[in-house]
Amino acid sequence: MCENAKILCPYCLTREIDPAQAICSVCYSKEDKLERGSWDDLRKRKNTDEIQMFTIAKKVDEVFQVPENKAYACREKHEMIQAEALEREMEDFHRRRILCMAEIFSKIDCSSLFPSYIELDTYFKNVQDYAHQHIATEQLREVQEYLRSQIPWKSLSSQRMDLGAELLNFWCGEDELDWGYSQYFEIAAGNLKPFLAMTLFTKILCKHFPDVMSAPVKRLSSKL
């Protein structure tokens, strides 16, 4: 990218910014204090590819958080039918996230996690079958637990421990991902950044979520 190139703010898609700015000042102003701090930290990285990687990851995560927060609000008001519809929307979105991450992992060499050769093709085929609702959780869980038992966790560096955790858990649901269920791609970007090109992570994310990339973000602070 040319040093002086401008892009549209990925959040509003209306204002031109320097890529290292991440989002425009108007979108930034709509964030709460905690999120502004997150954007400030991102800008300090001074690495355009890394900034773009995390900006796109955060954009997809925030789009997911809109129905998530709406569903929670509906349950608080005992509007159960609407809450369940929103939760089905979230489940569909999560299946897309799983397939996206499976492709990202296809570009990563995970052999450093295992002391001897481990065939991962079965695991990734089961992940894809699970995302397409062709197999149940239990079948995938068996392969996951086998792989977990083959990783010498105590001998891994912190980066490889993060890679191993991401490899085993990216397909899991909210009960296991916890807050990572909402900040799914932002956490994945952090865990996987040392192991693949940041531009490739961004490219695959954009490929799987073209609808998200082509639309402004519905700001959580102003919509709920």
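In the predicted model, Arg95 and Asp92 form a salt bridge through their side chains, with an N to O distance of 2.2 Å. The two residues are three positions apart in helix 4, and therefore about one helical turn separates them. Arg95 is buried, at 19% relative accessibility, whereas Asp92 is partly exposed at 40%.

A salt bridge joins the side chains of Arg75 and Glu87, at 2.6 Å from N to O. This pair connects distant parts of the chain, with Arg75 in helix 3 (residues 48-76) and Glu87 in helix 4 (residues 80-105), 12 residues apart. Both partners are partly exposed: the relative accessibility is 33% for Arg75 and 24% for Glu87.

Glu103 is bridged to Lys207, and the closest N and O atoms of this pair are 3.0 Å apart. Because Glu103 belongs to helix 4 and Lys207 to helix 10 (residues 198-208), the contact ties together parts of the chain that are 104 residues apart in sequence. Lys207 is exposed, with a relative accessibility of 54%.

A network of salt bridges links Glu35, Lys58 and Glu186. In total, the model contains 11 salt bridges. Side chains of opposite charge can pair when their charged atoms come close.

Arginine side chains also meet aromatic rings. The charged end of Arg45 is placed over the ring of Phe54, at 4.5 Å from the ring centre. Tyr181 is in turn a member of an aromatic cluster, in which ring pairs link it with Phe64, Phe93, Tyr184, Phe185 and Phe209. The structure holds 10 aromatic pairs.

No disulfides were found; the count is zero. Cys27 takes part in none, and the nearest cysteine sulfur, that of Cys24, lies 3.6 Å away. Cys27 is buried, at 4% relative accessibility. Cys74 is likewise buried, with a relative accessible area of 5%; both values fall under the 20% limit for a buried residue.

How values were computed:
Residues are numbered from 1 along each chain as its sequence is written. This is a predicted model: local features need pLDDT of at least 70, side-chain atom pairs count only at pLDDT 80 or more; totals for chains, interfaces and linings use all residues. Side-chain values use heavy atoms; hydrogens and water are left out. A disulfide is a pair of cysteine sulfur atoms within 2.5 Å. Buried means under 20% relative accessible area, exposed over 50%, partly exposed in between (1.4 Å probe, protein chains only). Rings of Phe, Tyr and Trp (its six-membered ring) pair if their centres lie within 6.5 Å; planes under 30 degrees apart count as stacked, over 60 as edge-to-face and the rest as tilted. A charge sits over a ring if NZ of Lys or CZ of Arg is within 6 Å of the ring centre and within 35 degrees of the ring normal. A salt bridge is a side-chain nitrogen of Lys or Arg within 4 Å of a carboxyl oxygen of Asp or Glu. Helices (H or I, at least four residues) and strands (E, at least two) are DSSP runs, numbered from the N terminus.
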